[in-house]
Number of protein chains: 2
Amino acid sequence: MLAQQLRTEGHDVLETAEPGGTPIGGQIRRVLLDSKNRELCPTAELLLMFASRAQNVDQYILPALAKGTVVLCDRFTDSSLVYQGIARGLGADVVYDVDRIACRGLVPDLTLVIDIDTETGLARARQRNDRTQDVETRLDEEGLSFHRKVREAYHQLSVDDSRRVKLIDGDRVPEEIAKDVRMQVDALVARK
Amino acid sequence: MLAQQLRTEGHDVLETAEPGGTPIGGQIRRVLLDSKNRELCPTAELLLMFASRAQNVDQYILPALAKGTVVLCDRFTDSSLVYQGIARGLGADVVYDVDRIACRGLVPDLTLVIDIDTETGLARARQRNDRTQDVETRLDEEGLSFHRKVREAYHQLSVDDSRRVKLIDGDRVPEEIAKDVRMQVDALVARK
């Protein structure tokens, strides 16, 4: 909805997502999320996430930013910090070390976390996976305690980096959520 | 041949290879070497190599070493240093930063470089790829100047780290090469 609004207002917008985004990122995504790859170790998981991200930064994101395009990316380094750094326990330093190499200093102006209680979020993900017969479910299949750590870490991040990382209440209809998203974007533009 | 000899002498031996080695590493190898993935950027290439390596270290190599098994690995971090660090120009520091995260301090006791002049080596690789109809040829398809940089970097490494990295003349029949390989292994054991 945000992308649509921005385009109507005359902006060029790149919508991208991770892991994935590029054709090579799509191949990496299948390795990362295939529900059969249960033995994937946390460090390999981290490096695959950033391999996909480095390719996206190099091939799509930096060229888009250079042309003045607005880039909307579904997940970025903040997700790696939360999932691999904190929930998997690799530590924030390791994540930032790899980020420095993969993203070359690129930090999102704004990270919006669509927040919802863990049980509801997992139930939604599982319904969606069943409906679409998705096999890219390895992370969704982690237990409740893993997903609780993920949520807590996002909350903590929104405190530690409160100007850049904003929680949005996700337990509402999409139109209401989109209104809050737009408000945060307008506030960012006003600050700049 | 070395693995066979060591097993005959009563050693447990793990033969592994990179990129690949593990089932997940095999999936990463296909992304890395698929001749269609020409747009893969150097940083993503580096991170994929180390994702495969981290999985191999975690799943096979560290458990094998803990049991006293001899590990023979076809390529390791020295290859990343040479290909991504030097021939691709990412720099040695970047390679060692990722190595520290992926390999947790693991350094091979001995790296043997089967050395051959660039033209002969490339001609062999291309004959083999044609014969086996291999599609994992992205790196073999790099030009002569890339492969010359790779060879020079291996030579330099064998000077800079001369106790650990040894050149073996590869322009001979396999049995002669295997004799030199065995000599280097015996010298390593004698030093320990």
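Apart from neighbours within four places in sequence, Leu48(A) contacts Ile28(A), Val31(A), Leu32(A) and Leu40(A), along with Ile28(B), Leu48(B) and Ala51(B). The model is a predicted one. Leu48(A) also stands out in the largest nonpolar core: of its 72 residues, Leu47(A), Leu48(A), Leu47(B) and Leu48(B) touch the most other members.

Helix H2(A) is mostly covered, with eight of its 11 residues buried.

Helix H2 (residues 23–33) of chain A packs against helix H2 (residues 23–33) of chain B at an angle of about 175 degrees, with the axes 10 Å apart. Angles over 145 degrees count as roughly antiparallel, and H2(A) and H2(B) are therefore roughly antiparallel to each other. The residues that make this contact are set out below.

| Helix | Contact residues |
|---|---|
| H2(A) | Ile24(A), Gln27(A), Ile28(A), Val31(A) |
| H2(B) | Ile24(B), Gln27(B), Ile28(B), Val31(B) |

Six of the residues in the contact of H2(A) with H2(B) are nonpolar, two are polar and none is charged.

In chain B, Ser52(B) lies in helix H3 (residues 42–66). Ser52(B) has a relative accessible area of 0% and is buried. Beyond its neighbours within four places in sequence, Ser52(B) is in contact with Pro19(B), Gly20(B), Gly25(B) and Ile28(B).

Key:
Residues numbered from 1 in each chain as written. Chains lettered and ligands numbered in written order. Predicted model: local features only at pLDDT ≥ 70, side-chain atom pairs only at ≥ 80, totals over all residues. Heavy atoms only, no water. Axes fitted to C-alpha atoms, helices over the stretch in contact; angles between N-to-C directions. Helix = DSSP H or I, 4+ residues; strand = E, 2+ residues; numbered from the N terminus. Parallel < 35°, antiparallel > 145°, perpendicular 65-115°, else oblique. Contact = heavy atoms within 4.5 Å. Nonpolar A, V, L, I, M, F, W, Y, C, P; charged D, E, K, R; others polar. Core = buried A, V, L, I, M, F, W, Y, C linked by side-chain atoms within 4.5 Å. Buried < 20%, exposed > 50% of the residue type's maximum accessible area, 1.4 Å probe, protein only.
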